[in-house]
Amino acid sequence: MRRILLFGLLSIAFLCVLGAYHLIQFSDNKFHLIFCNVGQGDGILIRTPQGRDIIIDGGLYENSMTDCLSRHLPFWDRTIEVIYLTHPDADHLTGLIGVLKSYNVGYFGTPDAPKGTEVYKELMGLLDEKKITKHSILLGDGLKTKDGVTVSTYWPTSGFVDLKSEETNDYSLVQMVKYGKFHSLLTGDIPSTYLNSIMPQINYIDVFKPPHHGSKTGIDGFTFQHIVPRYAVLSYGYHNRYHHPSPDVLSILKKYNIPYKDTLKGDVEILSDGQKWSVKK
Amino acid sequence: MKYLFICILLLALLTREFFWIEERHIYRENEIYKKTYSFIHEPKKNSLSQYFFSDGLLVTLPLYPSYHYGEMVQIEGKILKKDSKKGMLLVVENPKISKAKSRNFLLSYSKSVRQKVEENVMTTLPSREGGLLLGVVLGVRDKIDSEYYQQLKNAGVLHVIAASGQNVSIAAMLILVMFSTIVKRRMALLFTGIGVLCYAVLTGFDPPIIRASIMAILAFTALFTGRQISSIYVLFLTGWAMLFVQPEEIIDVSFQLSFLSTFGILTVKPLLDTVLSFKFLSFIKDDITTTLSAQIATFPLMIAVFGAYSLLSFPVNILVLWTIPIIMIFGGLAGLLSLFLPLLAKPLILLCYPFLSYFTIIVELFSKINLQISIDTVPIASIFGYYLILLVLVIRLKGRKTTIK
């Protein structure tokens, strides 16, 4: 009995030390944009200066996003304020199942593009079970947190949703995340035709995520005509079936002198204080 | 008289096994396999599919929808032959499957109890640590991601996440201590017996759990009636009973491993305890001798079955095994509390966190080193030879010890 108590006390002491460490490590009052190394697919975590968490997509495996959260959140933070699912493909969706199972989720938003797959049904079942409403996201929808982070949606438009396209990628959310002067355009798997029609509405991009894991369907020669992002982050996995990223995409990035980094070797984390931004090494 | 009794028991078992071998259906390639299967444990998962064994056939299913312990399904599919590391394997790939309504009230109730505990743990701890805790306390494997699973395997500590005899004995001790403070000793023993049964239902009916539960209950009965009974006797009686009820268990690896490691702990460990009589590191000495004796008893079987034996297994086990009873105690109490007051259980779950993360760090560290002996084929004769020598050694040394006394 005394031994158990001793171990209990030891454990409490350790938790205090770990807590202090996490407090220092994760409370830097900066905005964090993290492109997680999810193995396959997309998984993006936004942590606001006050520690609110927004997730956009979750990767192909059930644990891909939760592993990323373990790396970037203090252990007591078990609440994800907002989840966006850009479109219902497995390599964006599956990781969110893991998140819903092990975190308290405040809000769930996705374009109105249901899919008949078993993974999708599993996710919908889980949302029902946890009594989380599924919100349909359209152009103009978005959010603004009290500590100054905004997310605004550029795609899909309500007119487009009514067309009922067969291809789920077509509905993919395109969203601008802003904190102070920092701007980042996140594009899901949107095809270049639609992306090119959105680009003229935008006047500034710091960090750009080329759509569809760097596939050649994502960007083409016209994409950067109006505006050239200052940095690109490519999200893809090793030995993926589709051989992402496409050499065409890499050569376009090169042509416009856009430096880029990929998520192969680990999470890509971008920090900003609202004025300047940097890529964490 | 005693020997006659043993002979009769053995003969009865042999007859039973013989009839089972005679009657069992051997499945062949291209045959249609049709069965109503009920999940008596969770199907295993890798990142792309779920799988389980039924009648010696490997059945694979897509990852979703996920099936769980306690559910009943109807399977229909063609049997295919496939190459695997362990030789040819008969596989039923993605069969037609439909959910049948499970009428087993006990299983579905225990499933809902488990889900409550699982949810409370997973919403409190990071995914790896949470999965490990559930593995240690309830033998739940599906919360552990495939990468971590592989790491546990490489480091040779996979046995901690399988429901094992150790779980049952710690659970039994916990329950006994709790009841002993409330009621009289004999009543406490009775309640503990019931508690052990409940725990067995909760963890699923893996052979090690059945073995350990029967052994625990037999031991408690002996205590209850005030008789002395030798543990080895109990072990063999339990093994006999299990095989008599389910003759097919004799080819089940998990039954064999469980039986042999318990045998090792009961016979080899006392010898090791007297040989290794050092004072140094006394708090893990018990773990060392337990691990070593279990490993000595299972070593040839491990090589024969898995074709590999991790040399890391021993040092890693020494480094991490002392955390298991602590995790079981805090985790077990937390699990129990989760059913009534989930919020109060959370601090208890957090108490396990440092130990779980220590465990995880050690495993991640060591799994990077690959030190495996692998042998393709092991002659059966050498396995029997090994056990014969071991048996002779145990009996002779034991005899000598008693003569010294």
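These are exercises with worked solutions on a predicted model.

**Exercise 1. Check the length of helix α1 (residues 2-26) of chain A against its residue count.**

Step 1. The helix has 25 residues.
Step 2. The expected span takes 1.5 Å times one less than the number of residues. For α1 of chain A that gives 36 Å.
Step 3. The end C-alpha atoms of α1 are 36 Å apart, so the two values agree.

**Exercise 2. Find the buried residues of α1(A) and say what they pack against.**

Step 1. List them: Phe7(A), Gly8(A), Ser11(A), Leu15(A), Leu18(A), Gly19(A), His22(A) and Phe26(A).
Step 2. Recall the helix geometry. An α-helix has 3.6 residues a turn, so residues three or four places apart point the same way.
Step 3. Look for partners in chain A. The buried residues pack against β2 (43-47) and α2 (64-72) of that chain.
Step 4. Now look in chain B. There the partners are α12 (323-340) and α13.

**Exercise 3. Describe the largest nonpolar core, and name the residues that touch the most other members.**

Step 1. Start with the count. The core holds 60 residues.
Step 2. Leu133(B), Leu152(B), Val157(B), Val316(B) and Phe359(B) touch the most others.
Step 3. Ask which element gives the largest share. Helix α13 (residues 342-367) of chain B does, with 11 residues.
Step 4. Follow Phe359(B). Beyond four places in sequence, its contacts are Leu132(B), Tyr148(B), Leu152(B), Val157(B), Val160(B), Val320(B), Thr323(B) and Ile324(B).
Step 5. Note a separate core of 29 residues. Its members include Cys68(A), Ile80(A), Leu85(A) and Leu93(A).

**Exercise 4. Characterise the interface of domain 1 and domain 2 of chain B.**

Step 1. The domain assignment gives 32-99 for domain 1 and 117-404 for domain 2.
Step 2. Count the contacts. 9 residues of domain 1 meet 9 residues of domain 2.
Step 3. Take the area. The domains bury about 800 Å² between them, 52% of it on carbon and sulfur atoms.
Step 4. Find the main contributors. His41(B), Glu42(B) and Tyr69(B) supply 45% of the area that domain 1 buries against domain 2, more than any other three residues.

**Exercise 5. Is Thr168(A) buried or exposed?**

Step 1. Locate the residue. Thr168(A) sits in the loop between α5 (158-162) and β11 (174-179) of chain A.
Step 2. Apply the cut-off. Buried means under 20% relative accessible area. Thr168(A) has 10% relative accessibility, so Thr168(A) counts as buried.
Step 3. Name the neighbours. Leaving out residues up to four places away in sequence, Thr168(A) touches His87(A), Pro88(A), Asp89(A) and Lys115(A).

Terms used
Residues are numbered from 1 along each chain as its sequence is written. Chains are lettered from A and ligands numbered from 1 in the order in which they are written. This is a predicted model: local features need pLDDT of at least 70, side-chain atom pairs count only at pLDDT 80 or more; totals for chains, interfaces and linings use all residues. Side-chain values use heavy atoms; hydrogens and water are left out. A nonpolar core is a set of buried Ala, Val, Leu, Ile, Met, Phe, Trp, Tyr and Cys residues joined through side-chain atoms within 4.5 Å. Buried means under 20% relative accessible area, exposed over 50%, partly exposed in between (1.4 Å probe, protein chains only). Helices (H or I, at least four residues) and strands (E, at least two) are DSSP runs, numbered from the N terminus. Contact means heavy atoms within 4.5 Å. Domain bounds come from an automatic or database domain assignment. Buried area is the accessible area (1.4 Å probe) that two parts lose on being put together, summed over both.
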